[in-house]
Amino acid sequence: MSDTEKPRVSDAEMLARFQNSKKRPPCSDTLGMRLAEVEQDKMRIRMDFDVPPSFANPTGAVQGGFISAMLDEAMSTCVIIASNITMTAPTLEMKTSFLRRLMPGKASVEARILRLGKSAAFMEAECFDPDGKLVAKATATAIPMLFKRLS
Amino acid sequence: MSFDKRAFWLDMLTKRELPKAAAFVGFELIEFNEDEAWIKAAFFLPPEATNPGGDAQGGFISAMLDEVMSIAGSIAQDGPAMAPTLQMTTSYIRPVPVGVRLIGRGECVRRGRSGIFTRGELTSADGKLLAQATASCIPRPMDW
């Protein structure tokens with residue numbers, strides 16, 4: 001794996017690097033994303049979100065695709081961190097189960113990598129409402145690719 | 001008084017203020033068929049949907065497909081109705097650009113009494129397939 005090419009940093013340093021990044025992609029700001037926890041050994045992260053009311057469906061709850069957007073954001077970032085910021089992983093396919101309604105406002109997502117291979121990555125993520133109730137769960141496959149922009 | 005399905009959905013999809021999520025992805029009705037339960041719509045993603053690679057982040061692609069598929073699942077029912085999504089799978093076939101016109105099509109594959117199955121496709125303006133999805137949802141009649 002290419003994570004031997006660069007020295008690993010501590011979880012705290014990795015977290016700080018993302019939290020202080022000036023090069024955040026627009027989608028991260030749109031979703032009100034904040035990286036909250038990094039566990040590199042377990043290939044796991046947690047992200048907090050502040051979902052704007054502009055993502056509401058006619059019932060006032062967050063439209064499912066935007067919940068998928070948060071889950072995708074967390075799973076993709078998980079690969080970037082697990083590869084020590086050497087790789088990105090464009091999502092091939094993603095499946096989301098919507099268990100409960102989520103209202104605009106606070107939400108959090110936990111994502112982990114099930115397997116990070118040379119030609120394929122498998123991830124899963126769970127979205128929780130502010131009371132800690134499971135709102136949605138996703139699994140995804142992606143292709144790891146060398147990532148030049150952030151390194 | 002009988003329910004005029006075509007008039008109802010035409011009003012919902014063109015005359016009313018769009019739901020916020022639909023407005024965010026630039027939803028604009030092209031055509032729909034209430035008997036065959038399908039809908040075609042144009043989309044336009046704002047720069048806010050851009051991922052680090054410069055294209056649309058996958059979730060926003062799912063959001064566009066969820067929009068047309070949910071409408072197809074709603075139209076498939078007899079009266080005013082919604083179709084909350086239970087599970088959805090999206091395949092990201094090609095990178096999807098932001099800031100250009102995209103075409104989404106959603107259709108109902110089967111309308112059961114307690115479950116509805118839908119599928120959707122997102123293409124570029126020149127007809128290239130960018131993403132596809134399938135979903136299961138539940139019928140939910142609404143009082144309007």
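Predicted model: local features only at pLDDT ≥ 70, side-chain atom pairs only at ≥ 80, totals over all residues.
Chain A contains three helices and eight strands. Read from the N terminus, the elements of chain A follow the order α-α-β-β-α-β-β-β-β-β-β. The radius of gyration of chain A is 15 Å, close to the 15 Å that the globule rule gives for 151 residues, so chain A is as compact as a globular protein of that length. The C-alpha trace of chain A spans about 50 × 30 × 25 Å along its principal axes. Of the 151 residues in this chain, 42% count as buried. When contacts in chain A between residues at least 6 apart in sequence are considered, 67% of them join residues at least 24 apart.

The two chains contribute to one open sheet of 12 strands, in which the pairing is antiparallel. The strand order is β1(A)-β2(A)-β5(A)-β6(A)-β7(A)-β4(A)-β4(B)-β7(B)-β6(B)-β5(B)-β2(B)-β1(B). At the edges stand β1 (34–39) of chain A and β1 (28–33) of chain B; each has a single partner strand, so one side of each is left without a neighbour in the sheet. From one strand to the next, the twist averages 15 degrees. Strands of a sheet pair through backbone hydrogen bonds, either parallel or antiparallel.

Strand β6 (residues 121–128) of chain A is joined to β7(A) by eight bridges, and the two strands run antiparallel. C127(A) has A136(A) in β7(A) as its bridge partner. A hairpin is formed by β6(A) and β7(A), with five residues between them, and G132(A) in the turn has a positive phi of about 85 degrees. Strand β7 (residues 134–142) of chain A pairs in turn with β4(A), in the antiparallel sense and over seven bridges. In this pairing T91(A) stands opposite A142(A) in β7(A).

The sheet passes from chain A to chain B through the two β4 strands. Strand β4 (residues 91–98) of chain A and β4(B) run antiparallel and are joined by five bridges. Here K95(A) stands opposite T89(B) in β4(B). In the interface as a whole, 31 residues of chain A are in contact with 27 residues of chain B. On the side of chain B that touches chain A, at least two residues are supplied by each of α2 (20–24), α3 (58–75) and β4 (85–92) of chain B. The most is given by β4(B), with eight residues. By residue class, this side of chain B divides into 12 nonpolar, 12 polar and three charged residues.

Further along the sheet in chain B, strand β2 (residues 38–44) and strand β5 (residues 101–111) run antiparallel and are joined by seven bridges. W38(B) has E107(B) in β5(B) as its bridge partner. Helix α3(B) lies across strands of both chains: β4 of chain A, together with β1, β2, β4, β5, β6 (116–124) and β7 (129–137) of chain B. The helix runs at about 45 degrees to β5(B).

The largest nonpolar core comprises 84 residues, of which C78(A) and V79(A) touch the most other members. Helix α3 (residues 64–82) of chain A provides the largest share of this core, 12 residues. Leaving aside residues up to four places away in sequence, C78(A) touches M43(A), I45(A), A111(A), R112(A), I113(A) and M123(A). In soluble globular proteins, nonpolar side chains tend to be buried together.

With 18 other C-beta atoms within 10 Å, I85(A) is partly exposed. A37(B) counts as buried because 22 C-beta neighbours lie inside 10 Å, where the cut-off is 20 or more. Most residues other than glycine have a negative phi.

E13(A) and V38(A) are 25 residues apart in sequence, and their C-alpha atoms are 9.5 Å apart in space.

How values were computed
Residues numbered from 1 in each chain as written. Chains lettered and ligands numbered in written order. Contact = placed C-beta atoms within 7 Å. Helix = DSSP H or I, 4+ residues; strand = E, 2+ residues; numbered from the N terminus. Nonpolar A, V, L, I, M, F, W, Y, C, P; charged D, E, K, R; others polar. Pairing = 2+ DSSP bridges. Rg over C-alpha atoms; globule rule 2.2 N^0.38 Å. Buried ≥ 20, exposed ≤ 12 C-beta atoms within 10 Å, placed from the backbone. Axes fitted to C-alpha atoms, helices over the stretch in contact; angles between N-to-C directions. Core = buried A, V, L, I, M, F, W, Y, C linked by C-beta atoms within 7 Å.
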